[in-house]
Amino acid sequence: MTTETKAPLAEVNRVIGKVRPHQTQNERLVFEKSAPGKKAYKLPPLDVPSVDPAALLGDAVRKEPAGLPELSEIEIIRHFTRLSTWNYAIDLGMYPLGSCTMKYNPRVNEFVSRIEGLAEAHPYRHDEYAQGILDVIDLLQKCLIEITGMDAITLQPAAGAHGEFTGILLVRAWHESQGNARKKIIIPDSAHGTNPATAAICGYQVENLKSNADGGIDLEALAAQVDEETAALMLTNPSTIGVFEEQIHKIADILHDKGALLYMDGANMNALVGKVRPGDFGVDVMHLNLHKTFSTPHGGGGPGSGPVACKRFLEPFLPTPVLYTREDGTKHWEYDRPQSVGRVRAFFGNTGMFIRALAYILANGPDGLRQTTEDAVLNANYIRKKLEDLYELPYKTPSMHEVVFSDKRQAAKGVKTGDIAKRLIDYGFHPYTVSFPLIVPGALMIEPTESESVEELDLFIDAMRSIAKEVEETPELVKSAPHSTRVSRLDEVTAARKPVLRWKPE
Amino acid sequence: MRYLPKSPAERQQMLAEIGADSIDDLFAVIPEEYRLRRDLDVPRQQAESEIINYFRAAGEKNAIGYASFLGAGAYRHYRPVIIDVLVQRGEFLTSYTPYQAEITQGTLQAIFEFQTMIAELTGMDVANASMYDGSTGAAEAVLMAMRVTGRHKAVVTRTVHPEYREVLGTYLRYREMPFAEVDYVAETGRVDLAALEAAVTEETAAVLVQSPNFFGVVEDIPAIAEIAHKKGALLIVSIAEAVSLGVVRPPVEADIVSMEAQSFGVALSYGGPFVGVLATKEKYLRQIPGRLVGQTTDRNGSRGYVLTLSTREQHIRREKATSNICTNQALVALMATIFLTIYGKEGIRELAEHNLAKAAYGVKTLSATPGTKLLFNGAPRFHEFVLQTAEDSAGWVPRLRKKKIAGGLALKRWYPELGNATLWCVTEMITKHHIDTAAKALAAGPVEA
């Protein structure tokens with residue numbers, strides 16, 4: 001063996017440039033591969049007279065071209081293909097990122113979203129020439145209203161947090177219509193960070209609600225906190241520890257008695273579809289995440305889609321426009337909505353995601369949707385059962401679609417949840433959600449979804465059990481993980497202290 | 001159900017290992033009275049072929065095969081084939097926000113490339129990883145300017161996309177931050193600089209303009225910047241047609257640029273998903289909303305990328321965050337990145353010049369038809385223009401439709417003072433033949449209305 005091959009792989013990698021097996025080949029930035037005169041495009045000949053931009057635009061003409069890269073088509077294919085191989089993905093294996101519902105993204109969804117008549121529809125075409133897409137939107141709205149048990153819906157919000165914003169705007173507009181916008185929104189300490197951020201941008205004070213010993217809503221504390229200045233409670237149900245609020249009807253009553261509303265963060269709807277409907281248990285307004293529950297792809301961080309469903313009394317406040325069906329059966333957008341909170345986005349929302357979500361609902365039908373929910377809950381409970389002897393379960397309450405452990409036992413050996421997560425990567429899995437929810441110190445939040453087979457679940461369980469053993473025997477191995485990736489742990493402190501946010505030529 | 005990887009026997013086995021008698025044991029916590037005892041009333045489970053047939057029929061029910069002169073914030077440009085080939089790789093499509101940097105370097109490096117390209121195009125120092133779209137991006141830019149300046153008012157030109165202004169109104173509704181609208185000059189379609197100067201005060205946090213504006217007219221950015229900066233306000237330039245930057249001077253005087261990048265290889269898809277992006281000067285970096293990717297090194301000194309400056313964000317700062325944005329438009333930003341790599345330095349200019357030439361021919365030909373007049377002739381344009389027709393669009397729309405042409409967008413609903421005016425957009429997808437056909441169909445109507 002030569003000295004070179006004994007050197008740490010990363011060192012060799014840096015020196016030689018292309019030593020990795022194909023799957024993790026090095027790839028420079030696209031700008032570093034550029035050379036003047038290379039082209040990956042060809043425009044058709046201009047069939048009208050050419051123009052002199054400087055003459056037409058005067059001072060407004062661009063003098064220096066933007067420093068974009070110049071490559072050929074094959075180089076672009078290889079560049080982005082190589083980059084893709086550096087990602088972990090649902091298509092490669094289990095992605096138990098709690099709260100994110102990383103389920104299978106069916107490919108027929110992608111196929112139908114690209115059908116010409118749908119993909120090339122301009123948002124300003126006349127309604128009568130958009131009846132096909134309006135049918136799709138109408139059917140999806142009806143399905144989501146039925147699934148949530150609500151009365152009305154808007155599909156306009158572009159993601160979950162945008163849906164929260166829209167939902168709280170509805171709350172505020174309704175309170176205003178009652179004569180008092182009220183001052184505060186109550187948010188449990190187990191909530192997603194988007195909840196308090198949303199309340200704040202809607203002009204509300206955020207009041208924290210401490211969870212009870214079971215990690216759920218403390219009814220007495222809630223009753224003491226809710227008053228005539230409370231606009232709403234933002235509740236995630238099942239909660240972020242994967243627990244259904246058993247006292248949900250009492251929670252709704254406490255709020256409604258004081259004229260406050262119950263907002264539900266629907267991030268965890270994957271535990272409920274077909275089994276129970278938020279509209280039936282007292283929720284007034286809620287958002288859904290089509291990219292979680294309804295299988296539209298997460299795409300490395302979007303696009304999402306965050307429809308907001310509400311009870312009848314909130315309908316007048318929905319964002320404009322709203323879809324309605326005329327007596328002749330044709331569908332149209334209604335813009336004249338005097339009580340509306342206004343638009344939250346240009347056009348009609350992330351329409352391409354509506355197509356995908358509807359394709360998912362059609363592929364499932366009522367029986368498939370219910371079975372999906374049951375399998376998601378079954379998988380989480382299976383993992384819980386198989387790991388609860390090795391990992392601390394801070395709340396013994398029954399789990400729904402996700403299970404939250406803590407690193408208490410491992411932390412005693414100096415190994416934190418973040419270390420265990422990194423070590424999972426070496427076993428071929430994406431980590432679970434780390435250090436969230438905040439009510440569980442050192443949380444391991446595991447959401448397997450329904451998309452995992454017994455075989456994959458067992459592999460994951462084996463990995464987690466093996467890591468627990470490593471923590472006892474060779475904690476350093478875990479603390480310095482991952483050991484199998486093309487980069488090791490990255491220096492985040494320097495990245496934040498001296499931000500380099502773009503490439504610059506030498 | 002074909003997406004579920006379990007046999008009935010496996011389900012039973014798992015239940016047995018958990019110690020549950022039936023699946024309903026696992027749902028026992030849900031109060032009895034709320035449990036759904038019936039099937040959901042949604043369509044029955046369908047075969048893949050049925051699903052495809054359903055959506056094909058929906059597509060055909062929409063108008064297809066039209067040459068479209070519609071623009072107004074949603075533009076039809078050619079989408080090179082390899083964009084969809086690459087973004088449909090499962091490793092991009094089915095991964096999520098790159099919190100675990102070691103196994104998401106692909107997404108992270110691509111976003112870093114996107115940020116660089118946007119900074120290059122806009123003339124700004126830095127850009128974020130994306131916003132939902134141009135409308136919400138512009139609203140977030142105004143909120144950002146408020147944080148930077150500590151002021152609470154905004155001035156917005158009436159030539160900013162009307163739906164962007166509506167969204168801004170919604171965002172500012174409960175923030176005690178009124179905004180004043182400044183009108184345009186009737187001859188040029190550009191913002192009235194004297195009125196702007198009068199509207200901007202020491203309390204103004206931001207001046208928001210769009211360029212090319214909603215009428216397709218390029219604004220005088222240096223002059224507007226001077227007015228804003230004189231009073232200590234920030235200038236936000238919203239760009240709805242990103243391809244314009246191939247030939248139009250970037251708004252380097254701006255403090256924040258909010259761009260809709262749909263034109264870079266993203267399908268119209270009836271208005272979304274699109275992709276917004278904010279770019280700004282380095283000094284305002286810590287007030288920018290949304291995700292940012294930064295370059296760093298790993299323990300072995302290898303170059304790598306991470307999400308950075310996340311102390312601005314909701315998952316850390318909660319109610320004190322710069323925005324509540326979480327999921328953004330990463331995959332759509334990747335489409336734009338691939339598009340910009342395909343066209344590159346020369347191609348984006350050539351593409352923009354083709355649009356410029358086609359629009360110039362469109363202006364000349366369409367405005368020459370009897371009863372038709374070009375509005376705002378006194379200022380430079382990119383590829384959109386406003387035509388005033390003697391005849392209401394309700395009259396000529398059917399004649400164009402017969403020729404499989406979707407004509408310009410009626411402006412009356414937002415600009416009643418413009419009467420029968422319509423906004424036309426000519427991209428490289430429109431041929432000379434389409435323009436000539438549209439002109440003939442327009443001319444075929446009553447000359448004097």
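I count a residue as buried if 20 or more other C-beta atoms lie within 10 Å of its own. The model I am reading is predicted.

**Chain B, overall**

With that cut-off, I looked up burial in chain B: buried residues make up 61% of its 449 residues. I then went through the secondary structure and found 13 helices and 15 strands in chain B. For dimensions I took the C-alpha trace of chain B, which spans about 85 × 55 × 50 Å along its principal axes. Among contacts with a separation of 6 or more, 73% join residues 24 or more positions apart.

**Contact between chains B and A**

Next I looked at where the two chains touch. Chain B puts 164 residues into the contact and chain A puts in 175. Which element gives the most to the side of chain B that touches chain A? I found helix 11 of chain B, residues 330–367, with 24 residues. Sorted by class, that side of chain B has 78 nonpolar, 48 polar and 38 charged residues.

**Confidence in chain A**

I turned to pLDDT in chain A, where the average is 93 and 95% of the residues score at least 70. Two stretches I noted separately. Residues 1–9 of chain A have a pLDDT below 50, and the model gives this stretch four contacts beyond near neighbours in sequence. Residues 15–22 of chain A stay under 50 as well, with nine contacts beyond four places in sequence. Where pLDDT is low, predicted coordinates should not be read in detail, so I leave the matter there.

Note on methods
Residues numbered from 1 in each chain as written. Chains lettered and ligands numbered in written order. Predicted model: local features only at pLDDT ≥ 70, side-chain atom pairs only at ≥ 80, totals over all residues. Helix = DSSP H or I, 4+ residues; strand = E, 2+ residues; numbered from the N terminus. Buried ≥ 20, exposed ≤ 12 C-beta atoms within 10 Å, placed from the backbone. Contact = placed C-beta atoms within 7 Å. Nonpolar A, V, L, I, M, F, W, Y, C, P; charged D, E, K, R; others polar. pLDDT = per-residue confidence, 0-100.
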